[in-house]
Amino acid sequence: MLILANGRVLNEQGELMEAHVWVEDGVIRRITDVKAELPDGAQVIDVKGKFVSAGFIDMHVHLREPGFEHKETIATGSHSAARGGFTTIACMPNTKPVIDTADTVELIKQKAKEEGIVKVLPYGSITKNELGRELTDFEALKEAGVVGFTDDGVGVQTAQMMKDAMARAHALGMPIIAHCEDESLVVGAPVNEGPFAKKHGLKGIPNESEAIHVGRDILLAEATGVHYHVCHVSTEQSIRLIRQAKQLGINVTAEVCPHHLLLSDEDIPGLDANWKMNPPLRSPRDVEACIAALEDGTIDILVTDHAPHSAEEKARGMQLAPFGIVGLETAFPLMYTKFVETGKWTLDMLIKRMTSIPAATFGLNTGRLEEGAPADLAVLDLDTEREVSPEEFLTKGRNTPFTGWKLKGWTVMTIVDGSVVWSDSVQ
Ligand SMILES: NC(=O)N[C@@H](CC(=O)O)C(=O)O
Ligand SMILES: [Zn+2]
Ligand SMILES: [Zn+2]
């Protein structure tokens, strides 16, 4: 028996209360009053004053292995996840090779078992090599254990290909997860279309490049009945379409990243590619729409889109550097400090969007702090303020626009299936 003693947990009313969390055989056995007597022989960890949460779930992570191990590996990415309080992460298939066969799924599952310290759920690609030409073998990928199908990194450019993919996924009871980007509207643009692009003489990515795919795919989801999940929503127009689709009862869900809730293109200090990601930082109006959508449930869940790149790659400048920023180690501190500490949201609201809602959206048996649930837990310090220092990251990536931000909500211990996989005191 492992007992996390004297911590604070969220009760069913969404209020913090003091409790002991009892863990046995990888499962949460009991959540008791702190007056409950502790049995002899139990391993007791005193977490007084700390917040004990169900471990976070991130359905959008780039682990880069196989093929881009200089950016990240399953080992480094899963350590980064644990340091951020994440106990389950879903990894995107834009690796080399692309996760488009059962063999590659097996390889990832094997590596994750040997070297990963959190639960790693692979996605399979929609099209072979993510080229948009030919569908992968959905049956074989499902059999191998993927959680869904996505060509994240690129949009599926033709409606027919997407419709075929949706029909096949639906027949298998699997979701389609879509990176929404119409390439004919982008062509080489590195940042959002707007004042920043203009000022620096850069081409801009218009909002419609995202929203056109969202609108198209909602119609196709309606026609096929598939569970359709929209990746990294960044625009007011996409949100409008998703809101309407939900009202019509179409099976659509959506995710948003912390950076699209906290930064706009007006915040970009200059031509530093640590501010370059896809979709790009949009206008303040889009930021407001994303926040409102996560609040009212139009957007279901929070994800990081953790996208590590090497310092050399990011040094190529705004036009040439690859898109993407890291996110696993800053997501909760950013959201806690900027939305909960400020009194905009309750802690319960945030935690649900990082635990039980992603679990329910993707049918995962975790993400609940309750008796009988898997003991996937994060112990968090909500009081100590620390600066974001990329040199401390466990990810290989240092590409973040949040360097120097003073935040609270740092993870002190992460537990997966009842075992302590990471703690800030033993590293
Ligand atoms: N988000 C990003 O800016 N980059 C991602 C790709 C993606 O999520 O589309 C990557 O793989 O680097
Ligand atoms: Zn994407
Ligand atoms: Zn991504």
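The centres of domain 1 and domain 2, taken over C-alpha atoms, are separated by 26 Å. The model is predicted. Domain 1 is made up of two segments, 2–52 and 373–423. Domain 2 covers 55–362. Contacts between the domains involve 28 residues of domain 1 and 41 residues of domain 2. On the side of domain 1 that touches domain 2, two or more residues each come from strand S15 (377–381), strand S18 (410–416) and strand S19 (419–423). S18 gives the largest share, four residues. By class, this side of domain 1 has 16 nonpolar, eight polar and four charged residues.

Asp-305 sits in the loop that runs between strand S14 (301–302) and helix H10 (311–314). Asp-305 counts as buried because it has 29 C-beta neighbours inside 10 Å, and the cut-off for burial is 20 or more. Leaving aside residues up to four places away in sequence, Asp-305 touches His-60, His-232, Cys-257 and Gly-327.

Helix H12 spans residues 347–354 and is mostly covered. Six of its eight residues are buried. These are Leu-347, Leu-350, Ile-351, Lys-352, Arg-353 and Met-354.

Terms used. Residues numbered from 1 in each chain as written. Chains lettered and ligands numbered in written order. Predicted model: local features only at pLDDT ≥ 70, side-chain atom pairs only at ≥ 80, totals over all residues. Buried ≥ 20, exposed ≤ 12 C-beta atoms within 10 Å, placed from the backbone. Contact = placed C-beta atoms within 7 Å. Domains from an automatic or database assignment. Nonpolar A, V, L, I, M, F, W, Y, C, P; charged D, E, K, R; others polar.
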